[in-house]
Amino acid sequence: MKSKIILELKKIVGENYVSVEESVLIRHSKDKSFHAPQLPDVVVFPKTTEEISKIVKLANANDIPVTPWGAGSSLMGNSIPVKKGISLSTVLMNQVLEVMENSFQVRLQPGVVCDDLNEFLESYKLFFPAFPGSSNMATIGGVIANNAGGMYAVKYGVVGNWVMELQVVLADGKITKIGSRSIKSVSGYNLLNLFVGSSGTLGIITEAVLKLLPLPQTKMAVLTSFKNLNDVGNAIMEILAQDIKPAALEHMDLDYVKLVNEAQTEFKLKEQDTILIELHGTEKTLDFQMKLLKRICEKNNASVYKEFRTPEECNRLWACRKGIRLAFYKMSPNMGILSAEAGVPLSFIPQFIKKAKELQTKFNIPILNHGHVGDGNFHAWALYSLDDPKSLKRAEMVNEYLTRFAISVGGTATGEHGIGLGKKQFLKLEHPTSLPIMKNIKKLLDPKGILNPGKIFFD
Ligand SMILES: Cc1cc2nc3c(=O)[nH]c(=O)nc-3n(C[C@H](O)[C@H](O)[C@H](O)COP(=O)(O)OP(=O)(O)OC[C@H]3O[C@@H](n4cnc5c(N)ncnc54)[C@H](O)[C@@H]3O)c2cc1C
C-alpha cells in the first residue's frame, strides 16, 4: 500500500490509530478457523461513524479492500483480510449509547463485547438472549454481520431476530439508516435482513438498535445421558414435541464428552451421549416442565438424569462446557479443528447425528459431535494433524459429506458460522436460482468489490 494512503488514513483517524506494526498486522491476519492467515497492509482503529465513512470513501476511490474486524472470533475465515488492504477494527467503538427501557431496546456501537452488554443490562433487569458461545469475546458488529446463533436459539432465535435498526456505512462512504424501531414494519423491502449475516461484504455497521427481553424469573437445567444413540434421537424429538420450549437443548456425543472430562474437573460426566437442557420461566411452570422432561428421559432409557434448580447451579453446569475449543488447543497443540457445521430440518436430527458418527470410520478421522440440536444446528469437529496435510483433506471430506447431506434434506450449508471462505463451494448447490440475485445485490451495493473481498462468492 502506498505511503500516501497511510498518511491520508492518519489524517482521518489520527496518527495513533493507524498501525503497520508487525504484531498488530499478525493479530488481524487470522480468525479462529483453520483457514490460512493473511496480513493486512494496515490496521485502522476509527472512533466514529464519520471516520469510517471517510476511510471507506478513500478506499473506494483507490480500489483498496476494507475488511471489518470485530474480535476475529469467526470460524469460517470471515474476518481474514484475504486480499490485504485495510483491516478496520471497531474495538474503540464500544459504547452503549442509549437504553430505551420502556421499549425494551438498546442503541449501541458495534465494538461492544456481547457479555459486556448483558452485564450492563443486568441493572435494568433486561437481557439480550441470542448471543453465541463466544459471547465473552465476540462483538455486536461481528455477531450481527455473521448473524450468529447460540445455545438459546431454540427458544429465542438468532441474533438477526433481535435487530431493529442499523446505521451502515456503504461502499461509497455514504451513511445510511436501515430498519425501524417499531416491532412491526412492512415499509418497503426488508433491507435489514440483507445486511444481517452479510459478513461485512455490503456495508460496515456503525450503530445498532437491538430488541431486549426482561430477565427470566428463574432458570432450571437438566443433564441427561444415554447409552444408545436411537434413545438420544427419540428423547430429543419427544422434548421438542411437548409444550416445553427449552431455552437450550444441546447434544454432546461420547467423544465430545470425553474431551469435556479432560478439559475440566468441575463435572465428571458419564462417557455417553449427553443432552443439556435449560428452561426459562417462572418456578411453577418450570416445575411442571421438569416433571415432563424427567418422564421423557426415563421413558427413553436415560442412564443419568440430574437436575439443576437455580440460576447459579445452571451457570455451574454450563461452565463445564465453555472454553472447550480453547482447552482443546492447549491440550493438543499439534491438532486442528475443522468445524463441519450445518443445519437440518428438525425431523432429520437423529439421522444427522448417526451420519456424523459413521463418518468417523468412513474417513478414519476423529470426529467430536456436538450441537445446538434443539434448532437442528450441528458442529462435527473433524480433528486433523497440523503436520499432516492428508488428515486436513480427510477433515474437509467430512465437511463436504455432512454439508451435502444437510442441503439434500432441505437444510443449509451453515446455520451460524457463515459461508466465509470455507463453504463457498456449496452456495450454488443450496441456492441454484437465487445465487445470481445475491451477486447482483453485491454488485449494486459495492460495484468495485472493496468490502471484505474474497468471501461468500468465488471471484
Ligand atoms: C469458542 C468459540 C465459540 C463460538 N460459538 C459460536 C456460537 O455458539 N454461535 C455462533 O454463531 N458462532 C460462534 N462462534 C463464532 C464467532 O464467535 C461468531 O461468528 C461471531 O459472530 C464473530 O464475532 P466477532 O466480533 O469476533 O467478529 P469477527 O470475527 O471479527 O467478524 C465477523 C464478520 O463480521 C464482519 N464484521 C465485523 N464487524 C463488523 C461491522 N461492524 N460491520 C460489518 N461487518 C463487520 C467481519 O468482516 C467478518 O466478516 C464461536 C467462536 C469461538 C472461537
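Two residues are taken to be in contact if their C-beta atoms, placed from the backbone, lie within 7 Å. On that criterion, and leaving aside neighbours within four places in sequence, histidine 370 is in contact with Glu250, His251, Met252, Asp253, Tyr256 and His379.

The model is a predicted one, in which local features need pLDDT of at least 70 and side-chain atom pairs count only at pLDDT 80 or more, while totals for chains, interfaces and linings use all residues. Residues are numbered from 1 along each chain as its sequence is written.

**Overall architecture**

The protein chain contains 16 helices and 18 strands; helices (H or I, at least four residues) and strands (E, at least two) are DSSP runs, numbered from the N terminus. The radius of gyration of the protein chain is 22 Å, close to the 23 Å that the globule rule gives for 459 residues, so the chain is as compact as a globular protein of that length. Here the radius of gyration is taken over C-alpha atoms, and the globule rule is 2.2 Å times the number of residues to the power 0.38. Along the principal axes, the C-alpha atoms of the protein chain fill a box of roughly 70 × 55 × 45 Å.

Of the 459 residues, 48% count as buried. A residue is buried if 20 or more other C-beta atoms lie within 10 Å of its own, exposed if 12 or fewer, and partly exposed in between, with C-beta atoms placed from the backbone. Among contacts in the protein chain with a separation of 6 or more, 71% are accounted for by residues 24 or more positions apart.

**Helix packing**

Two packed helices are described by the angle between their axes and the distance between the axes. Axes are lines fitted to C-alpha atoms, for helices over the stretch in contact, and angles run from 0 to 180 degrees between N-to-C directions.

| Helix pair | Angle | Axis distance |
|---|---|---|
| H8 (residues 229-241) and H13 (residues 349-362) | about 150° | 9 Å |
| H13 and H14 (residues 389-408) | roughly 155° | within 11 Å |
| H1 (residues 3-13) and H3 (residues 49-61) | roughly 165° | within 9 Å |

Helices H8 and H13 pack at an angle of about 150°, which makes H8 roughly antiparallel to H13. In this classification, angles under 35 degrees count as roughly parallel, over 145 as roughly antiparallel, 65 to 115 as roughly perpendicular and the rest as oblique. H8 passes H13 in a right-handed crossing; a crossing is left-handed if the near helix is turned anticlockwise from the far one by less than a right angle, and right-handed if clockwise. H8 contributes Leu229, Val232, Gly233, Ile236 and Met237 to the contact, and H13 contributes Ile349, Pro350, Ile353, Lys354 and Lys357. By class, the contact of H8 with H13 has seven nonpolar, one polar and two charged residues. For these classes, Ala, Val, Leu, Ile, Met, Phe, Trp, Tyr, Cys and Pro count as nonpolar, Asp, Glu, Lys and Arg as charged, and the others, Gly among them, as polar.

The axes of H13 and H14 cross at roughly 155°, and the two helices are therefore roughly antiparallel to each other. H13 passes H14 in a right-handed crossing. Their contact is made by Lys355, Ala356 and Leu359 of H13 with Val398, Tyr401, Leu402 and Phe405 of H14. This contact of H13 with H14 comprises six nonpolar, no polar and one charged residues.

For H1 and H3, the axes cross at roughly 165°, and these helices are therefore roughly antiparallel to each other. The crossing of H1 past H3 is right-handed. Glu8, Leu9, Ile12 and Val13 of H1 meet Glu51, Lys54, Ile55 and Leu58 of H3 in the contact. The residues of the contact of H1 with H3 divide into five nonpolar, no polar and three charged.

**Individual residues**

Histidine 370 is located in strand E17 (residues 367-372) and counts as buried, with 24 C-beta neighbours inside 10 Å. Its C-alpha atom is separated by 8.1 Å from that of tryptophan 381, 11 residues apart along the chain.

Leucine 386 is found in the loop between strand E18 (377-385) and H14. Leucine 386 is partly exposed, with 13 other C-beta atoms within 10 Å. Leaving aside neighbours within four places in sequence, leucine 386 is in contact with Asn334, Met335 and Gly336.

Most residues other than glycine have a negative phi. Lysine 125, although not a glycine, has a positive phi of about 60°. Lysine 125 is placed in the loop between helix H4 (114-121) and strand E7 (126-127) and counts as exposed, with 11 C-beta neighbours inside 10 Å. Serine 199 has a positive phi near 55° and lies in the loop between helix H7 (192-195) and strand E10 (204-211). With 23 C-beta neighbours inside 10 Å, serine 199 counts as buried.
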